[in-house]
Each structure stands twice: as structure tokens, then as C-alpha cells.
Amino acid sequence: MGKYDMCMKTYLQDKRRFADLFNGSCFQGRQVIRAEDLEEASESYDAAEYSRQLKERKQERRLLARHKEESGKELKTTIDERLSGILRSDRLHPVYTICLYSGEEPWDGPRKLSDMMEFDPEDENLRVLFEEYHLHLFCINEQNGFDTFHSGLRQLF
């Protein structure tokens with residue numbers, strides 16, 4: 001990661017600026033995401049973060065079950081919940097990802113997952129089953145203005 005990228009990463013670790021990035025680029029400046037509601041997440045892809053959260057829930061359930069067992073109380077769970085390690089009522093925190101591009105050259109990379117796939121042009125049967133995953137891309141050099149930002153991002157961009 002280059003020096004500029006490290007500086008930008010550090011700059012965006014401020015929750016106010018991070019919320020402003022999403023609000024300005026995804027919600028036309030409406031204050032949908034609040035800094036105080038943000039939680040730290042891993043820097044890996046979305047699926048890896050969901051996997052981390054599931055692992056955390058399973059660990060919590062094991063500790064709870066052990067505690068109940070030691071106290072002589074029974075933890076009422078179904079066989080499916082015991083086998084999976086998570087409860088039917090467990091919920092994960094949603095992960096929202098944005099790619100911030102600040103290069104001078106036009107973005108020439110993929111804008112959705114299917115742009116990276118090699119599908120058989122002769123066979124559409126499997127392609128219809130493919131789950132698309134759009135890249136939430138914000139290219140600074142494609143913007144006409146930055147009035148939707150309310151933090152120092154307006155001046156920086």
C-alpha cells in the first residue's frame with residue numbers, strides 16, 4: 001500500500017469522516033449513517049467478516065452453554081442450534097463496503113463481480129444462477145462537485 005493510501009486510510013479511521021464518505025457518496029449527503037453507530041470490522045472482504053462474526057457467535061454460545069451446564073441449568077436449544085453452534089435468533093451486523101478511487105486516470109477496473117468472470121458464451125444456463133455483487137465505487141475524478149460532504153472530505157476531494 002502506497003504512502004497516499006496509508007494516509008487516506010488513517011484519515012478515514014475517524015468515524016465522522018467515514019460516515020461522511022458513505023453519506024456523501026451513497027446517499028447524496030443525507031445523514032443516513034451516523035458515526036456513533038459504526039463498529040470496527042476486519043479489513044477483509046465481506047464474506048470473511050461474516051465468517052468472523054459467526055465464529056464469534058459460536059464461541060459465545062459455547063461459553064453460555066458451559067456456564068449453564070456448570071450452574072446446573074439447561075440451555076434450551078434445538079438439535080440444529082446445537083449442531084450449528086448458533087441460535088435461530090442470532091443476527092449478524094451488516095457489512096457495507098465502498099471502494100474509494102482517487103487516481104487521476106479513469107477507473108478501468110471491474111464495477112461488478114460478473115465483470116471479473118469468464119462465462120461460457122454458448123451456455124446461459126449457469127449464468128442465470130450467478131449472484132451478482134456490485135462494487136460500490138466512488139471515483140473522485142468522475143464527480144462534478146463535493147457539496148454532499150460535510151466534513152474535511154469536501155476540501156480533500
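This is a predicted model: local features need pLDDT of at least 70, side-chain atom pairs count only at pLDDT 80 or more; totals for chains, interfaces and linings use all residues.
Is Asn141 buried, partly exposed or exposed? Good morning, colleagues. At 34% relative accessibility, Asn141 counts as partly exposed. The categories used here are buried for under 20% relative accessible area, exposed for over 50%, and partly exposed in between, with a 1.4 Å probe and protein chains only.

Residues are numbered from 1 along each chain as its sequence is written, and side-chain values use heavy atoms, with hydrogens and water left out.

Let me stay with Asn141. This residue is found in the loop between strand S2 (137-139) and helix H5 (153-156). Helices (H or I, at least four residues) and strands (E, at least two) are DSSP runs, numbered from the N terminus. Setting aside residues up to four places away in sequence, Asn141 touches Tyr101, Gly103, Glu104, Glu105 and Pro106; contact here means heavy atoms within 4.5 Å. From Ala47, by contrast, Asn141 is separated by 94 residues in sequence and by 29 Å in space, C-alpha to C-alpha.

Gly103, one of the residues that Asn141 touches, lies in the loop between S1 and S2. Gly103 is partly exposed, at 23% relative accessibility. Its C-alpha atom is 17 Å from that of Leu21, a residue 82 places away along the chain.

The loop between S2 and H5 also holds Ser151. At 11% relative accessibility, Ser151 is buried. Beyond its neighbours within four places in sequence, Ser151 is in contact with Arg17 and Asp20. With Asp20 there is a polar contact between the two side chains, at 2.6 Å.

I now turn to charged pairs. Side chains of opposite charge can pair when their charged atoms come close. A salt bridge is defined as a side-chain nitrogen of Lys or Arg within 4 Å of a carboxyl oxygen of Asp or Glu. How many salt bridges does a search of the whole structure find? The search finds nine, and I shall present three of them.

In one, Asp90 pairs with Arg61, the closest N and O atoms being 2.3 Å apart. Asp90 lies in the loop between helix H4 (79-84) and strand S1 (99-101) and Arg61 in helix H3 (residues 46-70), so this pair ties together parts that are 29 residues apart in sequence. Asp90 is buried at 15%, and Arg61 is buried at 18%.

Another joins Glu56 and Arg57, with closest N and O atoms 3.4 Å apart. Glu56 is partly exposed, with a relative accessible area of 33%, whereas Arg57 is buried at 10%. These two residues also belong to a network of salt bridges that links Glu49, Arg52, Glu56 and Arg57.

Finally, the side chains of Arg34 and Glu36 meet in a salt bridge at 3.5 Å, N to O. Arg34 is partly exposed at 42%, and Glu36 is exposed at 58%. Thank you for your attention.

Key. A polar contact is a pair of N or O atoms within 3.5 Å; within protein, one must be able to donate a hydrogen and the other to accept it, and residues adjacent in sequence count only if both atoms are side-chain atoms.
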